[in-house]
Amino acid sequence: MDAESPRFHSHIEKSSDAVTSEPMNIPVEHKTSSSYLLGLPAMRMLIGEYPANLFFLLESQSPLPPELSPEQWQDSLPPFQIDRPLLDHLVTLFFSSVHVSHPVLDQAEFTQIYERFLEKGPDSSTESVLCMTVFALGAVSSLPEGSCDSQCSPNGTEYMKYALPTLMLRSVWLFSFDPALAQALVLASVYFAYIVRPLHSWRLIYLATNLLQLKLSK
């Protein structure tokens, strides 16, 4: 990398003379990917060439928060303490913010699932996993947009860490359609999008579509 630095800087200096003074306008709230933008001729003249899979490599090498890392799944988790006022608040946050953009659940049906969760406590069922995922989304959605700190564990990991092991195990080894599991996978994908983990978000939605194929094939 050091050997290429002089040539890289020289390329920038030469390219800057070739770029016109007219700015390259980027629309506000555009949906264009970074890879596409940096591949535009005007940008390549400024920054030079870079690997087409650069962002994939960066994301795939970025470690997950320790609580969500698969290496931690073998460790037994402490018993989950039910704090009804807090959980009620998280469910309210979920339906007032996340559910508006991702209407995956029927609120009346989830309320029944939630009441059973409060009555029986957490277990390895998909309904319990669905509740944990909703709690995690309620927690992470309470943060102001753009306030995610890469140095700290994101909000909601204290709930998602209880959901992930069962989510992954059942999505791989279940061969019948489970609506609660499909919903939990989709919402877990939304959670990872909130904490800016696009590859993990994609993998979870991919697992959800595989599960839906079981339903469509019958």
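Predicted model: local features only at pLDDT ≥ 70, side-chain atom pairs only at ≥ 80, totals over all residues.
Reader: Let's begin with helix α6. How do you know that its length agrees with what a helix should span?

Author: Helix α6 covers residues 107-120, and at 1.5 Å a residue its 14 residues should span 20 Å. The C-alpha atoms at its ends are 20 Å apart, so the two values agree.

Reader: Which residues of α6 are buried, and what makes them line one face of the helix?

Author: The buried residues of α6 are Phe 110, Ile 113, Tyr 114, Phe 117 and Leu 118. Looking down the axis of α6, you find the buried residues within an arc of 140 degrees, so they line one face. Ala 108, Glu 109, Gln 112, Glu 119 and Lys 120 are exposed on the other side of α6.

Reader: What covers the buried residues of α6?

Author: The cover includes α5 and α7.

Reader: And what is found at the start of α6, and what follows the helix?

Author: At the start, a side-chain oxygen of Asp 106 comes to within 3.2 Å of the backbone nitrogen of Ala 108. After α6 comes Gly 121, which has a positive phi, near 90 degrees.

Reader: Why is Tyr 114 called buried?

Author: Buried means under 20% relative accessible area. Tyr 114 has 5% relative accessibility, so Tyr 114 counts as buried. Phe 135 has 0%, so Phe 135 counts as buried by that cut-off.

Reader: Why is the pair of Tyr 114 and Phe 135 called edge-to-face?

Author: There are two steps. Rings pair if their centres lie within 6.5 Å, and planes over 60 degrees apart count as edge-to-face. The centres of these two rings are 5.9 Å apart and the planes stand at 75 degrees, so Tyr 114 and Phe 135 form an edge-to-face pair. This pair links distant parts of the chain, with Tyr 114 in helix α6 and Phe 135 in helix α7, 21 residues apart.

Reader: What makes Tyr 191 and Phe 192 an edge-to-face pair?

Author: The cut-offs are 6.5 Å for the centres and over 60 degrees for the planes. Tyr 191 and Phe 192 have 5.7 Å centre to centre and 90 degrees between their planes, and the pair is edge-to-face. Both residues are buried.

Reader: How many aromatic pairs does the structure hold, and which residues form the aromatic cluster?

Author: The structure holds 11 aromatic pairs. One cluster is formed by Phe 80, Phe 94, Phe 95, Phe 110, Tyr 114, Phe 117, Phe 135, Tyr 159 and Tyr 162.

Reader: Now the charged residues. How do you know that Arg 84 forms a salt bridge with Glu 115?

Author: A salt bridge needs a side-chain nitrogen of Lys or Arg within 4 Å of a carboxyl oxygen of Asp or Glu. For Arg 84 and Glu 115 the closest N and O atoms are 2.9 Å apart, and the pair forms a salt bridge. Arg 84 lies in helix α5 and Glu 115 in helix α6, 31 residues apart, which links distant parts of the chain.

Reader: What makes Arg 84, Asp 88 and Glu 115 a network?

Author: Salt bridges link these residues. Besides the bridge with Glu 115, Arg 84 forms one with Asp 88, where the closest N and O atoms are 3.2 Å apart. Asp 88 and Arg 84 both lie in helix α5, 4 residues apart, about one turn of the helix.

Reader: Why is Arg 84 called partly exposed rather than buried or exposed?

Author: Partly exposed is what lies between the buried cut-off, under 20%, and the exposed one, over 50%. The relative accessible area of Arg 84 is 37%, so Arg 84 is partly exposed. Asp 88, at 28%, is partly exposed, and Glu 115, at 32%, is partly exposed as well.

Key. Residues numbered from 1 in each chain as written. Heavy atoms only, no water. Helix = DSSP H or I, 4+ residues; strand = E, 2+ residues; numbered from the N terminus. Expected span 1.5 Å × (residues − 1). Buried < 20%, exposed > 50% of the residue type's maximum accessible area, 1.4 Å probe, protein only. Arc of directions from axis to C-beta. Contact = heavy atoms within 4.5 Å. Polar contact = N/O pair within 3.5 Å; in protein donor to acceptor, adjacent residues only side chain to side chain. Phe/Tyr/Trp six-rings, centres within 6.5 Å; stacked < 30°, edge-to-face > 60°.
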